[in-house]
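Dear colleague,

I am passing on a structure that will be new to you, and after it I set out what was found when going through it. Please read the notes with the structure open beside them.

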Amino acid sequence: MQLAVSAVGRDRPGIVAAVTGVLVAHGADIADAQMGVLSGRFTMMLIVDASDDLDEGVFLGDLLEIGRDLGMDVVSANRIDPLHRVGTPDPTHVVTVSGTDHPGIVHAVAHQLARHGAGITDLQTRRIGDEDEEPLHAMMLEVVLPPDVQPRTLDAALQAIAGERELDIELRPAPED
């Protein structure tokens, strides 16, 4: 079976070790993971492979206990339908966005990408600046363009958003490994 395990809490040493210790104790294995610090909160999202005889109640109880010990805000584990790994396409392009922070930037960019059939494989965004200055917004997205979409067509749509929202937006080919 597969489980989606997530945890969010004040950033402090030992979170990854504690959560993965519970996984090891229950014979579970990380299939995929994304972790990082967001606004001072350590966040993790794991896709975990576990045996079908895993006692999900005990597993979640152990995770919740670790979460309480670490002062986590959120800890969850939910069974998910396993996906047969058919291979996720590698990103074809990278989009970078910067400008004065205001509501709706992520939506505007994501909406244009969706309109053009581009899939987002990774998105990272940060608000930069302190309370005394006007905060800046910085975002980077890795995207997969469908074969029938010309990069210049998508770039024109993104530049329209850039002009409307006073942003700098750049679309460039993804680096090759």
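In these notes, helices are DSSP runs of H or I with at least four residues, strands are DSSP runs of E with at least two, and both are numbered from the N terminus. Please keep in mind throughout that this is a predicted model.

Counted in that way, the protein has 4 helices and 8 strands, and, read from the N terminus, these elements follow one another as β-α-β-β-α-β-β-α-β-β-α-β. Along the principal axes, the C-alpha atoms take up a box of roughly 55 × 45 × 25 Å. Of the 177 residues in the protein, 33% are buried, and the exposed surface comes to about 10800 Å², with 51% of it supplied by carbon and sulfur atoms. Where contacts join residues at least 6 apart in sequence, 73% of them link residues that are at least 24 apart.

The part I would look at next is an open sheet of 4 strands, which are arranged in the order β6-β7-β5-β8 with antiparallel pairing. Its edge strands are β6 (119-128) and β8 (167-173), each of which pairs on one side only, and the twist from one strand to the next averages 10°. Strand β5, residues 93-100, runs antiparallel to β8 and is joined to it by 7 bridges; within this pairing, Val94 has Arg172 of β8 as its bridge partner. Helix α3, residues 105-115, packs on the sheet and touches β5, β6, β7 (136-144) and β8, with a direction that makes about 20° with that of β7. Helix α4, residues 151-165, also packs on the sheet, where it touches β5 and β8, and its direction makes about 165° with that of β8.

With a relative accessible area of 70%, Glu166 is exposed.

How values were computed
Residues numbered from 1 in each chain as written. Predicted model: local features only at pLDDT ≥ 70, side-chain atom pairs only at ≥ 80, totals over all residues. Heavy atoms only, no water. Buried < 20%, exposed > 50% of the residue type's maximum accessible area, 1.4 Å probe, protein only. Contact = heavy atoms within 4.5 Å. Areas by Shrake-Rupley, 256 points an atom, 1.4 Å probe, with all protein chains shown as cover. Pairing = 2+ DSSP bridges. Axes fitted to C-alpha atoms, helices over the stretch in contact; angles between N-to-C directions.
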